[in-house]
Amino acid sequence: MSKEVSLGKTFTAGLWDNNPVLRLLLGMCPTLAVTAAVKPALTMGISVIFVLLFSNIVVSSIRHLLKPHVRILMFTLTIATAVTIADLYLKAFMPEMSASLGPFIPLIIVNCIIIGRAEACASKNGLMVSITDALGMGVGFTLTLCVLAAIREVLATGMIFEKAIPAFTDFYVPWAAMGMPVGAFITLGLMLGAVNMISKKTT
Amino acid sequence: MILASVMELLNNAWPAAVLALGLASVFALILLIASIKLKVIVDPKIEDVHAALPNIDCGACGFAGCGSYAKAVVADPELLGKCAPGGSDTSNAIAEILNLQMSGGGAPLRPIIHCRACQQDKKYFSEYSGIIGCTSADAQPNVQACAFGCLGNGGCVRRCKFDALHIIDGLAVVDYEKCTGCGACAKGCPRELIEMVPFTQDIMMTVACNSKENGKNTRSFCEVGCIGCGMCSRNSDLFTTENNLARIDFENYELTEEAQTAMDKCPTGNIVFRGKNAPAPRPAGQKPAVAKKA
């Protein structure tokens, strides 16, 4: 990235051109694991936004002090702190959600997006750019997860946000496989295909 | 030379070390505040109940381990008495913690194996040399003549987490000193030879055979099998003989004199004691002591 980076472009890059899930294929573990319903997907997305923001802010503000050979250590330390806070928060205020997400919140520590952004963006750019990048990437990740989860939840149960869709209730036969890991792989594959098709047309 | 390079290393390393320490201490402070502000108070009863459980995570209660059973039983006291290894002592302890009137949880369950045929007692058509395991051995009809008895391949032994089961001389034998009564072995037997029985006493009388063949056929392939003669059920109400097989009513188990007589009179010596330090059964082939005429 050049010195003069437009904040708007940085933000939109996370949404589409460098979308963590659909273009970079990073963070596949939560993408596949927590997208059976929209609620956990949204919780996971917001936790990732928080962790990403925290780590990008910290890494960006200490970037001049970082020694190249110990930088990963510093990143991991930062990320682990943020994830622990997020995990404690969920346990305290959303115990049921925390129980259903299980180990996937602590596993944000090893989510590639976060360490990837710390390495690729925050350790090279200023505070504002890093914050915008974190928000863009985080929102892109969250939106993708929610779309994936919405498709799966509707197909698997005929409900959205655990509420029945009125038009669906009469005839819809739940497609249970979509709620299982199989459904995650199929939906993600089709979404990736669609995104590739769209981007091929535009370029 | 070495000293110089070490000094150089130290000179270069100290800023990184200071940064790491500084960052770590700031984070430690943040986490300390977070852990105080976001503290979740766990119901102390759950920990107490967990401490009262045997903590062997055997899964006999139907939960993943002692921790999840403790949580469940605090939330729903109806689940009291599911801990098989702990038996009534554990149930009493939990009831005390939860301030309940004791309910549920009878005598501890222990497995008994409905077979006593060792290698030399049973007839084999051929030698089994397939996959080690009772399920596959059970699928081979032409190896062991008895279609009901212990295969001696150790499916139950591999299930046992407590080293309480051993194949001795072609027969699974329970070590009641080590057994916790989790019931894992009973699930591992394709012939359903292992029954979980409430041990109201340390030593329980059992019928050590599972053969539903008639007496002649059972005799033809096993020296010690139950021939379904009905001698025991004629002598004592504890026994019932159905499908050429004697069984004990464990619900109303009581070691009466009649039961002892039935045991002494059994022509194949199939009624045996099982439990800690149980007396050895009558050897195969030995005739019952001549019953004194009363």
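Hi everyone. Before the tour, one definition: helices (H or I, at least four residues) and strands (E, at least two) are DSSP runs, numbered from the N terminus. Residues are numbered from 1 along each chain as its sequence is written, while chains are lettered from A and ligands numbered from 1 in the order in which they are written. Please keep in mind that this is a predicted model, where local features need pLDDT of at least 70, side-chain atom pairs count only at pLDDT 80 or more, and totals for chains, interfaces and linings use all residues.

Now for the scores. The model has ipTM 0.76 and pTM 0.61.

Let's look at chain A. It holds 8 helices and 2 strands, and along the sequence they follow the pattern α-α-α-α-α-α-α-β-β-α. Of its 203 residues, 39% count as buried. Buried here means 20 or more other C-beta atoms within 10 Å of the residue's own, exposed means 12 or fewer, and partly exposed is in between, with C-beta atoms placed from the backbone. I'll also talk about contacts, where two residues have their C-beta atoms, placed from the backbone, within 7 Å. Among the contacts in chain A with a separation of 6 or more, 76% join residues 24 or more positions apart.

Find helix 7 (residues 127-157) and helix 8 (residues 181-202) of chain A. Their axes come within 10 Å and cross at roughly 130°; axes are lines fitted to C-alpha atoms, for helices over the stretch in contact, and angles run from 0 to 180 degrees between N-to-C directions. The two helices are therefore oblique to each other. As for the cut-offs, angles under 35 degrees count as roughly parallel, over 145 as roughly antiparallel, 65 to 115 as roughly perpendicular and the rest as oblique. From helix 7, A:Leu148, A:Ile151, A:Arg152 and A:Ala156 meet A:Gly183, A:Ala184, A:Thr187, A:Leu188 and A:Met191 of helix 8. By class, the residues of this contact are 6 nonpolar, 2 polar and 1 charged. In that scheme, Ala, Val, Leu, Ile, Met, Phe, Trp, Tyr, Cys and Pro count as nonpolar, Asp, Glu, Lys and Arg as charged, and the others, Gly among them, as polar.

Next, where the chains meet. In total, 13 residues of chain B are in contact with 14 residues of chain A. The chain B side has 12 nonpolar, 1 polar and no charged residues. Helix 4 (residues 71-93) of chain A packs against helix 1 (residues 2-37) of chain B at an angle of about 5°, with the axes 10 Å apart. That makes the pair roughly parallel. Residues in this contact include A:Leu77 and A:Ile85 from helix 4 of chain A, and B:Phe27 and B:Leu31 from helix 1 of chain B. The tally for this helix pair is 12 nonpolar, 3 polar and no charged residues.

Last, some loops. Most residues other than glycine have a negative phi. A:Leu25, in the loop between helix 1 (7-17) and helix 2 (28-33) of chain A, has a positive phi near 50°. Is A:Leu25 buried or partly exposed? A:Leu25 is partly exposed, because 13 other C-beta atoms lie within 10 Å. In chain B, B:Asn244 also has a positive phi, near 60°, and lies in the loop between strand 6 (239-242) and strand 7 (245-248). B:Asn244 counts as buried, because it has 20 C-beta neighbours inside 10 Å.
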